[in-house]
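Here are my notes on the model, point by point. Please read them with the coordinates open.

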Amino acid sequence: MAIVEKIQYSDDFLSEKNIANNINILWGKAIPILQHRKQLYDRYTRKNDTSDVIVALEFYISTIASGYFGGKEPQYKVKKINETQKGILKKVFEKVFGDKNNADEFQTIIDYITKYNDNSSFFYDCVKDYINTGACYGLIYENKDNEVVYAHTSSLTSVAIWNYETPSQKIGLLRYWTENSNNDGLTVHLELITKDYKKHYIDGIEQKSFSENNKVDFKEVKEDNKEVLWNDLPVFAVENPDGLALFENVMTLIKKHEQVIKNNANIFQYNDEAKLKITGFTPQNEPLIEVQDEEGEIKLDDNGNPIMMKNPARVKEDETILNAKVFYTPDNSGDIDWVIKNINDTASENHKKTCLDLALMVSGVPNVTDQGFTNADNSSALEKKFFPLDQVLQQADKLFEKELLRMWEIITNRINLKKNTEYDFRDIEIILTRNLPTNNQEITDNWLKLRGLLSDKTVIDHLPYDLDSESELAQMDEQNEANIEKNMENMQKMGQNIDGKALSIEQDNPNKQFEQTDEVKKENIKQSTSITEKEDKEE
């Protein structure tokens, strides 16, 4: 299994003055990586696999891992820095932090952008590509409506270019596509994006097939060139440092597992078509006879040997024996039996189970048919079953969290540039949540116990009911205001104090204020609230 290195060059390699001479070299470096990913993706889909026995464990591993890691969209929360933290940061770094952000305003902008871009689909598509091919990519741009867009692009057609810094930074993204030519060949197109430009190239040599050994001669299509105005590389890219898909290390075990099943199937097929063995009996006709021409002469092959054919008389004799209800042998030494292969079913099943268990163990994916999994009747037990997969995905978790924050840095800087704002991307917290069945009642109770310690907004955001905290809090404010107004109306209707005496309200001047003691006010509010609750129940 070959380890595919990532593409690394100096920043100067992609400069406009040098790229015309380097584009062919860059494409030659990208082809082996793209071909390797195509092989991994074909292994995942198994569409082109012509094997007699296909057990698509790669598909199972990828589906479970992608759903577990990418099934719930990431959350982006703007952190609020308190005055104590601001003072410490100012004292240590001699800089002011947190004053440039209006947290609520910044959060509203982030929520708007994520909803516009269908954040969950983007994240899942990227996770699935990463699991299957070891890399995933996205493009960041503004559409014709001036909306900020981040869109997934396939890892089968894209590859990032990195520099030699520590840590290495993205300096470009190369994308390709092919078009069918008029001569039944292929024309390769390249798109190269850097922080300064986006260029389009077309191969001047028509290709009959896609191969790294092909000669190429890419020419720039200057009319398609565009200047990148983001002051940064508007690209999302996550690449596995080892160039591995999740199931790549267990493909040998998967093949062994399929081979055991195939061997067993061959034995059953052989036994189903078994030959009959008869001893103590000699058939009357020979199995083969020489082929003769119309004149009765024996036909010869190119080597001068007689051409042989099945003897029709022998075929008829064998069919008669097979269909006979009773068969007699000339003496007591005769016997009749089927020639079959015996199979050690226990050893075969143990071998098959070992291959399966090892493949799932190395990949970290639980076996959903395992008794321990089916008996997991609560969220805590399920979390334990997914613990190995969670460890396998820790590297992916850190890589995605880092790159998502980098994406929001690019978007935030773009907003600041266009709108003359000073939002700080470092105040964005990336929250990646695993997708597991949950007990909603248990989660709700636990979060409601934290009311008073945490804000209502935080509590609502973590309830498992897909609620919009801003909308819910706004409706609660409206509801409270309506209740206060209703209580005041009830107080005016009641017109009595706690002793049952009429309040001195001038009939000709309903707006005239009247004096009340604090005790009377409290009793009136309490009584009117009780009346309101009674009316609500009656309604």
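How many disulfides does the count come to?

1. Disulfides. The count comes to 0. Bear in mind that this is a predicted model. The cut-off is 2.5 Å between cysteine sulfur atoms.

2. Cysteine burial. Cysteine 136 has 0% relative accessibility and counts as buried. Cysteine 355 is also buried, at a relative accessible area of 5%.

3. Lysine 170. This residue sits in strand β6, which covers residues 170-180. Is lysine 170 buried or exposed? Its relative accessible area is 16%, so lysine 170 is buried; the limit for buried is under 20%.

4. Partners of lysine 170. The side chain of lysine 170 makes a polar contact of 2.8 Å with the side chain of glutamate 403.

5. Helix pair. Helix α2 spans residues 57-70 and helix α5 spans residues 119-133. Their axes come within 9 Å and cross at roughly 140°. The two helices are therefore oblique to each other. The antiparallel class needs an angle over 145 degrees. The crossing of α2 and α5 is right-handed.

6. On the α2 side, the residues are Ser62, Ala65, Ser66, Gly67, Phe69 and Gly70. They meet Phe123, Tyr124, Val127, Lys128, Ile131 and Asn132 of α5.

Methods. Residues are numbered from 1 along each chain as its sequence is written. This is a predicted model: local features need pLDDT of at least 70, side-chain atom pairs count only at pLDDT 80 or more; totals for chains, interfaces and linings use all residues. Side-chain values use heavy atoms; hydrogens and water are left out. Helices (H or I, at least four residues) and strands (E, at least two) are DSSP runs, numbered from the N terminus. Buried means under 20% relative accessible area, exposed over 50%, partly exposed in between (1.4 Å probe, protein chains only). A polar contact is a pair of N or O atoms within 3.5 Å; within protein, one must be able to donate a hydrogen and the other to accept it, and residues adjacent in sequence count only if both atoms are side-chain atoms. Axes are lines fitted to C-alpha atoms, for helices over the stretch in contact, and angles run from 0 to 180 degrees between N-to-C directions. Angles under 35 degrees count as roughly parallel, over 145 as roughly antiparallel, 65 to 115 as roughly perpendicular and the rest as oblique. A crossing is left-handed if the near helix is turned anticlockwise from the far one by less than a right angle, and right-handed if clockwise. Contact means heavy atoms within 4.5 Å.
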